[in-house]
Amino acid sequence: MEATVDDLSAAYDDFMAAASAVVEARALSGGEKTPATDAALEAFKQRWELFRVACDHAEELVESIRQRIGSECLVDEATGSATAPMAAAPGIKPISAVRLEQMSKAVRWLVIELQHGAGGASAPGTGGAATPSAGAGPGPGGQHAEEGGQ
């Protein structure tokens with residue numbers, strides 16, 4: 001994560017330096033279009049794209065961490081291994097982490113199907129089933145064949 005922050009910071013610094021170069025080139029040329037202003041603008045465009053890529057990478061990292069934390073909290077709560085007792089649902093028995101992971105993956109595949117507009121098509125690894133209760137769970141070892149485990 002530290003490397004991502006460093007990359008983002010460096011990309012931002014380069015972007016700001018390129019913006020300054022454009023302003024300086026325009027000032028030196030008296031606002032006229034010159035090869036120097038064109039070069040500064042081209043460098044600015046390149047730095048802008050690199051900055052956007054760095055921002056996208058950082059956003060992906062944050063989303064990945066957010067999902068991991070959410071999954072860990074869900075597993076802790078569902079399996080009863082959270083530090084606080086499950087006072088909100090005293091009548092619900094904890095389920096195994098393996099079963100929770102299976103259901104989570106089945107739901108994830110269904111969401112992917114819906115996002116891609118597949119509707120009735122089955123997710124990879126579901127054996128033609130479109131619902132978790134119809135066999136959408138993972139294969140041996142608790143993993144979908146396509147995911148290869150974690």
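The side chains of glutamate 63 and arginine 66 form a salt bridge with an N to O distance of 2.5 Å; the term here requires a side-chain nitrogen of Lys or Arg within 4 Å of a carboxyl oxygen of Asp or Glu. The model is predicted: local features need pLDDT of at least 70, side-chain atom pairs count only at pLDDT 80 or more, and totals for chains, interfaces and linings use all residues. Residues are numbered from 1 along each chain as its sequence is written, and side-chain values use heavy atoms, with hydrogens and water left out.

Under this rule there are two salt bridges. In the other one, glutamate 49 pairs with arginine 52, and the closest N and O atoms are 3.4 Å apart.

| Salt bridge | N to O distance |
|---|---|
| Glutamate 63 – arginine 66 | 2.5 Å |
| Glutamate 49 – arginine 52 | 3.4 Å |

Side chains of opposite charge can pair when their charged atoms come close. Glutamate 63 and arginine 66 both belong to helix 2 and sit three residues apart, about one turn of the helix. Glutamate 49 and arginine 52 are likewise three residues apart in helix 2, which covers residues 35-79. An α-helix has 3.6 residues a turn, so residues three or four places apart point the same way.

Glutamate 63 is partly exposed, with a relative accessible area of 31%; buried means under 20%, exposed over 50%, and partly exposed in between (1.4 Å probe, protein chains only). Glutamate 49 is also partly exposed, at 41%, as is arginine 52, at 40%.

The chain contains three helices and zero strands. These elements are DSSP runs numbered from the N terminus (helices: H or I, at least four residues; strands: E, at least two). Along the sequence the pattern reads α-α-α.

Helix 3 has 19 residues (97-115) and should span 27 Å at 1.5 Å a residue; its end C-alpha atoms are 27 Å apart, which agrees. The expected span is 1.5 Å times one less than the number of residues. Buried positions in helix 3 include Leu100, Ala106 and Trp109, together with Gln102, Lys105 and Glu113. After helix 3 comes glycine 117, with a positive phi near 70°.

Of the 150 residues of the chain, 17% count as buried. The accessible surface of the chain is about 10,400 Å², and 60% of that belongs to carbon and sulfur atoms; areas come from the Shrake-Rupley method with a 1.4 Å probe. Among contacts (heavy atoms within 4.5 Å) between residues at least 6 apart in sequence, 41% join residues at least 24 apart.
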